[in-house]
Amino acid sequence: MASPAARIYRRLEGLFCVYKPSGIPWKLVRDTIETKLLKGLDASPSLPLPQQIRFLPQPGSDTLTPKGLSAVSVPILSKHPLVLGVGNGNKVLNDLHNLPVTRDYTLEGEFGTATDDFSHTGRVVERSTYDHITQDKLDRVLAMLQGANQKALLTYANVDMRSQEAYEMAVQGQLGPEGKSPPILMGLRCIRFQPPNFTLEVQCLNETQKYLRKVVHEIGLELRSTAVCKGVRRTRDGVFTLQEALTRDHWTPSDVVGAVRQYHAVKKNKLSNHRSRTHEYKTQNQQDDDAGEEMHSR
């Protein structure tokens, strides 16, 4: 019979999303969550340790002779509540990282300044005017960048866009580069324009924070000005959104179990929808083929 801690631990196996406050290192967030989970497991009631019979040497006796051994009942240490195994959650996380899933961000930018690391905290290397920038001009630059990146996506995808394979990949949200590729912008639009400040909504693949800050910098250059990035906030990572991100008060075993269960439900529902859409697509193709054969026979 498994202990309550063991049952909870098995239900923890999977992926869940957490909210990382700005400026807090991700390693500190990870260590804090691990500590909270371990404390929660340790606080669970434990079952009595099962016993096993072992023949151990008597004190001062020769261990090579049977007479020097005695039967002793000892606990099975592998069943001790402080002994934990490792699930396959880390492997699933690596698999998710290697999939061509898109991520959403909001980028806060400011016109008029350029820095050595493209952020507002970097060393200022240039200042410029920005009075000539309008939202219409900004939108045209964003459309140009998005168009160039969509062409790159088709190049790196290495798949015929008219094929069944391309359709199925698009349904699963996996239409992306084959293997690792440079960062690619899938979507880019301005959601707030109050010069010198502006906010962008971005969907991308294989990005880094430095790359996103550089995008803001290049937008400034395209507008014959300069710009720095004042903030990068991830709002979606694959199937995870801000609504699923657990805040610090919810980094507990029970809340994590609920988040993992929700992840499995979303994953199962997504797979079911994919099978349904694929079936509909094949059925429609078959109907089209049948119609074509009928017209040909006439």
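Helices here are DSSP runs of H or I with at least four residues, and strands are E runs of at least two, numbered from the N terminus. Just after helix 4, Asn158 takes a positive phi of about 55°. This is a predicted model, where local features need pLDDT of at least 70, side-chain atom pairs count only at pLDDT 80 or more, and totals for chains, interfaces and linings use all residues. Residues are numbered from 1 along each chain as its sequence is written, and side-chain values use heavy atoms, leaving out hydrogens and water.

**Helix 4**

**Helix 6**
- With 14 residues, helix 6 reaches 20 Å from first C-alpha to last, close to the 20 Å expected.
- Cover for its buried residues includes helix 4 and strand 9 (227–237).
- Just after helix 6, Arg224 also takes a positive phi of about 55°.

**Arg213**
- Arg213 belongs to helix 6 (residues 209–222) and is one of its buried residues.
- Arg213 has no salt bridge (a side-chain nitrogen of Lys or Arg within 4 Å of a carboxyl oxygen of Asp or Glu).
- The nearest side chain of opposite charge to Arg213, Asp117, is 5.4 Å away (Lys and Arg count as positive, Asp and Glu as negative; His and chain ends are not counted).
- Leaving aside residues up to four places away in sequence, Arg213 touches Asp117, Phe118, Ser119, Cys229 and Val232.

How values were computed: Buried means under 20% relative accessible area, exposed over 50%, partly exposed in between (1.4 Å probe, protein chains only). Contact means heavy atoms within 4.5 Å. The expected span of a helix is 1.5 Å times one less than its number of residues.
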